[in-house]
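Work through the exercises below with the sequence and the coordinates at hand, and try each task before reading its solution.

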Amino acid sequence: MAYPTRGRDPLLDATTQAFLEKRGVEVLGLIFILVGLFLILALGSYSPADSAWMSSGGREIGNLFGQLGVTVTAPLMKIMGLGSWSIPFLFVVWGMRLMTHIGADRMLIRLIYAPIFWALCSLYLATLTPHADWVHNFSMGGLFGDTVLYIILQLLPVSAALGANFIAVILGLLVVFIAYYVTGLVFDELKIGFSTLGFVVIKSLFFTGSLVASGRLLG
């Protein structure tokens, strides 16, 4: 004869579980933001001279995070160039999404394509003319951007200059498109963003016009 048994009560009720899960997502978002800020500050204080320190030594490190900052940023800059900035960009964006619970459920499916976004950023930057302060012997897209761009140009049946310009336009469009996807944007968020931007612009113009009308900007 089977006797009915009472199921064990869950250790935590549904409300407590939901609360802890929500806080856990926010903690993960905070970690993402901190990692992003670390990379931003480390890349922002990057110096080619610090890269040389890794092999020669005997020099004070200028990076804000010392040897750790150099160890992280030197390989990133060498491989990806200025495309390295696309890495902290995604960390901060998704950190904010997780903290605010806006579109956080889209993170896994969208971030699968993050490596493609990073690669396209480096490749696009490789097509641009380096600015005057660029002292490296590789382009602003790093060695990765240079290598892939060289292979593509060899395959195109046009001159290198024309091919580079054509590729730059295509890559620019691809970067914008995939940035839209990997940052978790949806059309409704774009509408809200454009509406907010339009409101701010109209309000600023109205405020400036009011000041002019009142004579405050006319002396």
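Predicted model: local features only at pLDDT ≥ 70, side-chain atom pairs only at ≥ 80, totals over all residues.

**Exercise 1.** Determine how many helices and strands the protein has, and what share of its residues count as buried.

*Solution.* Assigning the secondary structure gives 9 helices and 0 strands, so that the pattern read along the sequence is α-α-α-α-α-α-α-α-α, by the DSSP runs used here. The accessible surface comes to about 14,300 Å², and 72% of it belongs to carbon and sulfur atoms.

**Exercise 2.** Identify the residues with the most contacts inside the largest nonpolar core, and the elements that give two or more residues to this core.

*Solution.* The largest nonpolar core has 20 residues, and those with the most contacts inside it are Leu 90, Phe 117 and Leu 149. Two or more residues each are given to this core by helix 4 (86-100), helix 6 (114-126), helix 7 (142-155) and helix 8 (160-182). Another core, of 7 residues, lies apart from it and includes Leu 43, Leu 125, Phe 138 and Met 140.

**Exercise 3.** Is Leu 30 buried, partly exposed or exposed?

*Solution.* Leu 30 lies in helix 1, and its relative accessibility is 42%. Because buried means under 20% and exposed means over 50%, Leu 30 counts as partly exposed. Together with Leu 34, Leu 37, Ile 40, Trp 85 and Met 99, Leu 30 forms a nonpolar surface patch with about 500 Å² of accessible area, to which helix 1 (residues 14-44) gives the largest share, 4 residues.

Technical notes:
Residues numbered from 1 in each chain as written. Heavy atoms only, no water. Buried < 20%, exposed > 50% of the residue type's maximum accessible area, 1.4 Å probe, protein only. Areas by Shrake-Rupley, 256 points an atom, 1.4 Å probe, with all protein chains shown as cover. Core = buried A, V, L, I, M, F, W, Y, C linked by side-chain atoms within 4.5 Å. Patch = residues over 30% accessible without salt bridge, like charges linked within 9 Å, V, L, I, M, F, W, Y side chains within 5 Å. Salt bridge = Lys/Arg side-chain N within 4 Å of Asp/Glu carboxyl O.
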